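Please take a look at the protein shown here.

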Amino acid sequence: MKKLLLWLSCVAVLLTFSVGAAAGTTVLGPSGLIKVPTADALTAGELSLAYHLENGKGIGSLTYGLTDNIEAGVYTGRRDAYLGFHAKAVLTEEKDNLPGIAVGLANESFYVVASKRLPRAGLRGHVGVGTNTYDGLFLGVSKMLNPVTVESGVKNTGMPATLLAVEYLKGGFNLGAEVILTPEVRIKVAAEDLKNVILGVSFKVSI
């Protein structure tokens, strides 16, 4: 009950901010929030390199956009000399009246996920089901805080956009923020099950 109330409180906090949404890189590499994948994929020729510290253990990942709707990559670091593969295909792109839908695999786990913007609430919702790592139903809510310009002496200082995310995965709740320093560089700070800290940095380039 306490976790449910905390989940609702986090969603309420997201509702107070401005609109927008954008997916970054999850811990295992697929485009998404903290650990929950979304119905997004890198565009053709985009390459994302990311490194996350999860509970003191490092996880590196590489993701490449094969086409505008298909991405694939590798990740390593969970076990000694372990190299895992992940891939995702967007089956339908998100439209005004229809969600985007994608299927994928990561860490020997399969999943299906749907993502849809909720314009009136200023949020984007994500719901999916998966095996193993995803363990059945998973949910996510994301919110982009628009860039704000503040006056600092005689110069204007631009505050970077920040993506807020709340997830429900494997019976626990994850809460995080991803600061978009530039279109190419992001920094992530999150709490897994509201306890274990996750830190991450990702770099995106077009090749």
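What follows is a short tour, grouped by topic.

This is a predicted model, in which local features need pLDDT of at least 70, side-chain atom pairs count only at pLDDT 80 or more, and totals for chains, interfaces and linings use all residues. Residues are numbered from 1 along each chain as its sequence is written, and side-chain values use heavy atoms, with hydrogens and water left out.

**Strands that pair up**

A strand here is a DSSP run of E with at least two residues, numbered from the N terminus. Two strands pair if DSSP finds at least two bridges between them.

- Strand S4 (residues 57-65) runs antiparallel to strand S5 (residues 70-76), and six bridges join them.
- Gly60 has Thr76 in S5 as its bridge partner, and a hairpin of four residues connects S4 to S5.
- S5 also pairs with strand S6 (residues 83-92), in the antiparallel sense and over seven bridges; here Val74 has Phe85 in S6 as its bridge partner.
- Further along, strand S7 (residues 100-106) and strand S8 (residues 109-118) run antiparallel with seven bridges between them, and Val103 is opposite Val112 in S8.
- The hairpin of S7 and S8 has two residues between the strands, and Asn107 in this hairpin has a positive phi near 55°.
- S8 is joined by eight bridges to strand S9 (residues 123-130), again antiparallel, with Tyr111 opposite Gly130 in S9.
- In the hairpin of S8 and S9, four residues lie between the strands, and Gly122 takes a positive phi near 70°.

**Strand S16 and its partners**

- Nine bridges connect S3 with S16, and the two strands run antiparallel.
- His52 has Gly200 in S16 as its bridge partner.
- S15 and S16 are antiparallel too, with eight bridges, and Ile187 is opposite Val201 in S16.
- The hairpin of S15 and S16 has three residues between the strands, and Asp193 there takes a positive phi near 55°.

**Pockets**

On a 1 Å grid over the protein atoms alone, a pocket is an open set of points with protein on both sides within 12 Å along at least five of seven lines, and lining residues have an atom within 4 Å of a point. Grid points are joined across faces, edges and corners, and a volume is the space filled by probe spheres set on the points.

- The largest pocket holds about 450 Å³ of space.
- It has 29 lining residues, and those closest to its centre are Ala23, Asp40, Ala41, Leu42 and Thr43.
- Strands S1 (24-25), S3 (46-54), S15 (185-192) and S16 (196-206) each give at least two residues to the lining of the largest pocket, and S16 gives the most, with three.
- That lining has 10 nonpolar, nine polar and 10 charged residues, where Ala, Val, Leu, Ile, Met, Phe, Trp, Tyr, Cys and Pro count as nonpolar, Asp, Glu, Lys and Arg as charged, and the others, Gly among them, as polar.
- The second largest pocket contains about 230 Å³ of space.
- Lys35, Thr133, Leu169, Lys170 and Glu192 are the closest to its centre among its 12 lining residues, and the lining divides into four nonpolar, three polar and five charged.

**A cavity**

A cavity is a set of grid points where a 1.4 Å probe fits but cannot get out.

- The count comes to one cavity of 30 Å³ or more, and the largest cavity has a volume of about 50 Å³.
- Its lining is made of Gly32, Leu33, Ile34, Leu163, Ala165, Gly176, Ala177, Glu178 and Lys188.
- S14 supplies the largest share of this lining, three residues.

**Surface patch and salt bridges**

- Tyr51, Leu53, Leu181, Ile187, Val189, Val197 and Leu199 make a nonpolar surface patch of about 590 Å²; such a patch joins nonpolar side chains (Val, Leu, Ile, Met, Phe, Trp, Tyr) within 5 Å, from residues with over 30% relative accessible area and no salt bridge.
- Accessible areas come from the Shrake-Rupley method with a 1.4 Å probe, and for residues only the protein chains shown count as cover.
- S3, S15 and S16 each supply at least two residues of the nonpolar patch.
- The whole structure has six salt bridges, each being a side-chain nitrogen of Lys or Arg within 4 Å of a carboxyl oxygen of Asp or Glu.
- Lys35 and Glu54 form a salt bridge, with their closest N and O atoms 2.3 Å apart.
- This pair links distant parts of the chain, 19 residues apart: Lys35 lies in the loop between strand S2 (31-32) and S3, and Glu54 lies in strand S3.

Methods: Patch = residues over 30% accessible without salt bridge, like charges linked within 9 Å, V, L, I, M, F, W, Y side chains within 5 Å.
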